[in-house]
Amino acid sequence: MTSPAPELNLSDYANRLPGSPVREILHVSQQPGMISFAGGLPDAAVMPEMPVLDNLAAISQYGTSDGESSLIKELVKWLGEEGLPCSEEQVIITSGSQQGLDLAARILVDAGSDVLVEDPTYLAMLQVLRGLGANLVPFTLDEQGVDLAGLESLLQTRKPRMIYLIPTFQNPTGYSYSEQERRAVAELIDRYDVTLVEDDPYRVLNYDNAFTRPVSSYLTSAKWLYMGSFSKMLWPGLRTGFVIAHPELYPWILRAKQATDLHSNRLGQAIIGQFLKEGRLPDHVAKLKAHYQKKRDYMQKLLQQYLPDSVRWQLPAGGMFFWLTLEQDTRSVLQDGIEAGVVALPGTPFAVEKSADNTLRLSFSQMTPEDMEEGVKRLAGVLAR
Ligand code: PMP
């Protein structure tokens with residue numbers, strides 16, 4: 001993490017912007033022999049072959065800010081089949097859903113604005129919000145779910161500019177809102193008229209038939225922005241995600257997109273558009289689910305086998321993460337683990353107010369069964385020290 005550097009004469013934004021411990025340890029994770037549970041990286045072993053584009057000249061010119069119309073058309077068709085109806089006029093293709101989050105925050109939040117967030121929540125959104133100088137107003141999300149009463153009392157006393165939710169297979173906790181929770185949260189958002197930013201990159205990685213209908217779809221009056229991503233489904237390196245916007249917010253997100261980078265890279269959009277057009281996505285998603293479910297189940301078995309009984313967690317119904325709660329401080333586990341050849345991420349940086357100093361986030365998405373077993377054994381050794 002960096003600290004303010006007044007001598008450089010930087011903006012308030014730069015001075016407020018924290019570094020990302022997760023991205024900083026990616027380099028450590030790549031050292032030979034290191035077994036990493038740290039990054040939520042999709043498994044390259046299940047990335048499909050990329051379609052070959054026959055007319056690259058067609059994408060060599062500048063494109064439109066909303067994105068490739070061929071991709072948007074295919075995306076809207078697929079979302080409709082998935083039970084997420086929207087129109088082409090609501091979609092903006094972004095450079096990963098991370099850019100969607102940044103654009104959403106920039107059109108909604110000023111320095112000092114109240115922003116409601118789950119506690120703990122996605123680190124890189126905390127980075128975005130802290131850079132903007134938002135006043136983070138956390139409500140608890142734990143194995144019991146959302147603290148609805150706590151959320152309501154915050155809504156009664158504050159006038160937040162936005163509420164940020166990851167209702168499905170949350171990063172870092174793996175928690176997924178029940179149907180009832182989705183309805184209840186949507187009802188509160190409507191009643192108190194807060195704009196919802198819903199972040200949903202893991203929805204298709206659903207191993208146990210969890211209920212995944214977006215909270216946005218229940219809203220009747222509040223405005224919303226829904227963020228989706230191809231990163232966990234296809235190729236994160238193509239940096240292609242999308243925002244589906246409430247019609248009144250659409251022009252503002254589009255303007256922010258124009259000002260940021262004119263439009264996303266056309267090559268990535270065209271490759272994904274072609275993949276969808278070939279009708280390959282549904283079979284591929286089925287394959288992904290089977291692949292990651294096997295890994296999740298094996299991880300569960302290993303954690304049960306090697307970790308002490310005092311460590312608690314819930315089996316995640318989807319996504320890429322186990323969230324462990326321990327009876328010890330976990331903040332030194334990163335450094336101690338690296339010395340022992342295993343990278344496990346303490347939950348501390350995901351926390352807003354409620355301490356997560358006794359938690360670990362473990363990703364199971366990427367490794368072979370052999371590495372997974374060896375990694376869990378090494379982690380158990382580190383915890384026993
Ligand atoms: N939101 C959440 C909750 C995430 O976990 C991630 C990726 N780690 C993102 C957004 C950003 O994903 P991308 O920009 O690759 O679409």
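## Strand pairing

Two strands are said to pair if DSSP finds at least two bridges between them, where strands (E, at least two residues) and helices (H or I, at least four residues) are DSSP runs numbered from the N terminus. The model is a predicted one, in which local features need pLDDT of at least 70 and side-chain atom pairs count only at pLDDT 80 or more, while totals for chains, interfaces and linings use all residues. Residues are numbered from 1 along each chain as its sequence is written.

Strand 4 (residues 135–142) pairs with strand 5 (residues 145–146) in the antiparallel sense over 2 bridges, and a hairpin of 2 residues joins strand 4 to strand 5. Within this pairing, Leu 141 has Val 146 of strand 5 as its bridge partner.

## The β-α-β unit

Strand 4 also pairs with strand 3 (residues 114–119), here in the parallel sense and over 6 bridges; Asp 114 has Asn 135 of strand 4 as its bridge partner. Together with helix 6 (residues 123–131), strand 3 and strand 4 make a right-handed β-α-β unit, the crossover being called right-handed if, with the strands pointing away from the viewer, the path from the first strand over the helix to the second runs clockwise.

## Helix 11 and helix 13

Helix 11 (residues 281–306) and helix 13 (residues 369–384) pack at an angle of about 30°, with their axes 10 Å apart; axes are lines fitted to C-alpha atoms, for helices over the stretch in contact, and angles run from 0 to 180 degrees between N-to-C directions. The two helices are therefore roughly parallel to each other (angles under 35 degrees count as roughly parallel, over 145 as roughly antiparallel, 65 to 115 as roughly perpendicular and the rest as oblique).

Residues are in contact if their C-beta atoms, placed from the backbone, lie within 7 Å, and the contact includes Tyr 298 and Leu 302 of helix 11, with Met 372 and Val 376 among those of helix 13.

## Helix 4 and helix 10

The axes of helix 4 (residues 69–81) and helix 10 (residues 266–277) come within 8 Å and cross at roughly 45°, which makes helix 4 oblique to helix 10. Among the residues that form this contact are Leu 71, Leu 75 and Trp 78 of helix 4, together with Ile 272, Gly 273 and Leu 276 of helix 10.

Terms used: Contact = placed C-beta atoms within 7 Å.
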